[in-house]
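Here is a short briefing on one protein chain and its ligand. Keep the model open as you read.

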Amino acid sequence: MPQPTSPVPGTVQCADVSLQLLKANDWAARTVRDTMAAHGVMLINLTSSAGSGKTLLLEKTVVALKGLCRMLVLEGDLETERDADRIRRHGVPAIQITTGTTCHLEAPMILQALERVDLADVDLVIIENVGNLVCPAAYDLGESLRVTLLAVTEGDDKPRKYPRMFLSTDLVVLSKSDLLPHVPFSVEAAIADCRAVRADLEVQVLSAHSGEGMDRWLDWLRDRMAALWTGDRPGAGARLPDGAGLGAAAAHETPAR
Ligand SMILES: Nc1nc2c(ncn2[C@@H]2O[C@H](COP(=O)(O)OP(=O)(O)OP(=O)(O)O)[C@@H](O)[C@H]2O)c(=O)[nH]1
Ligand SMILES: [Mg+2]
């Protein structure tokens, strides 16, 4: 009697569990994306290694944008409320997502956090992912845009060593530029490494500490928000008044170098 060479009809064979998990994540990510689109909210996923300066950049960003748009920050860490507290100090709401042993955020975690929020009161959500250049690359969180920090203290050779992260991002920010005089980091080499991963990858250089490059970063955010809100979406055009340049706000809020 011939033996079946394929699974018995009617059974489900889950050969690759990680693939199934990613499919479940993608389903949740689609729900997040649809929810954001329905409310005209921009969602940014900020990624980097641990300690590259994500939270300090977010602190300076929320201070610069306060009064121009309504923000919510979702903070991902294994433990503690520390990063959420750093955002709340500036009068901007933040939800801490603690992952325990998981080294990245997943879309169902974002859905769970958003259950606590009335998105009618929010224009911009920024997620600070768990500090890690590897796993977060694989998980779509339903974001409109992904931004990746690479601190000048980490070395200019990282993009090609961690290509998946740099391949999947919309903008690379070379952070802590105030430290360039003290570390062996070539901005040109880092940009070349980014472009070797993806030829059209946009790269900015900034220091959240000194304020250098902050205008350009805030202008980038303003342009992306304006594009979303003048599009055919709910609330289109309602939130950024003419001439409300975020770059101008940044110039006011951040000290010159
Ligand atoms: N010199 C300098 N230090 C910075 C800059 N940005 C952040 N730092 C410092 O770098 C350290 C880490 O900054 P964080 O903002 O906590 O970095 P993070 O990426 O949020 O860290 P995790 O959430 O732990 O991954 C802190 O001591 C910051 O003060 C910068 O632009 N220049
Ligand atoms: Mg942080």
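How many of the residues of the chain count as buried? Of its 257 residues, 40% do; buried means 20 or more other C-beta atoms within 10 Å of the residue's own, exposed means 12 or fewer, partly exposed lies in between, and C-beta atoms are placed from the backbone. This is a predicted model: local features need pLDDT of at least 70, side-chain atom pairs count only at pLDDT 80 or more, and totals for chains, interfaces and linings use all residues. Residues are numbered from 1 along each chain as its sequence is written, while chains are lettered from A and ligands numbered from 1 in the order in which they are written.

**Overall fold**
- The chain has nine helices and seven strands, taken as DSSP runs numbered from the N terminus (helices: H or I, at least four residues; strands: E, at least two).
- Among contacts with a separation of 6 or more, 75% join residues 24 or more positions apart; a contact means C-beta atoms, placed from the backbone, within 7 Å.

**Nonpolar core**
- The largest nonpolar core holds 61 residues. Such a core is a set of buried Ala, Val, Leu, Ile, Met, Phe, Trp, Tyr and Cys residues joined through C-beta atoms within 7 Å.
- Val-73, Ile-110, Val-125, Ile-126 and Ile-127 have the most contacts inside this largest core.
- Helix α8 gives the most to this core, with seven residues.
- Beyond its neighbours within four places in sequence, Ile-126 contacts Ile-44, Leu-46, Leu-58, Met-71 and Val-73.

**Helix α8**
- Helix α8 covers residues 214–229.
- Its buried residues are Met-214, Trp-217, Leu-218, Leu-221, Arg-222, Met-225, Leu-228 and Trp-229.
- They share one side of α8, because they cover an arc of only 135° around the axis, taken from the directions from the helix axis to the C-beta atoms.
- Exposed Asp-223 and Ala-227 sit on the face turned away from that buried side.

**Val-32**
- Val-32 belongs to helix α1 (residues 17–39).
- Val-32 counts as buried because it has 21 C-beta neighbours inside 10 Å.
- Its contacts, leaving aside neighbours within four places in sequence, are Ala-107, Ile-110, Leu-111, Leu-141 and Gly-142.
- Val-32 and Ala-107 are 75 residues apart along the chain, yet 7.4 Å separates their C-alpha atoms.

**Ligand 1**
- Of the 17 residues around ligand 1, the nearest are Gly-53, Lys-54, Thr-55, Gly-131 and His-209; a residue is near if its C-beta atom, placed from the backbone, lies within 6 Å.
- Helix α2 (residues 54–65) gives the most to this shell, with three residues.

Notes
The expected span of a helix is 1.5 Å times one less than its number of residues. Two residues are in contact if their C-beta atoms, placed from the backbone, lie within 7 Å.
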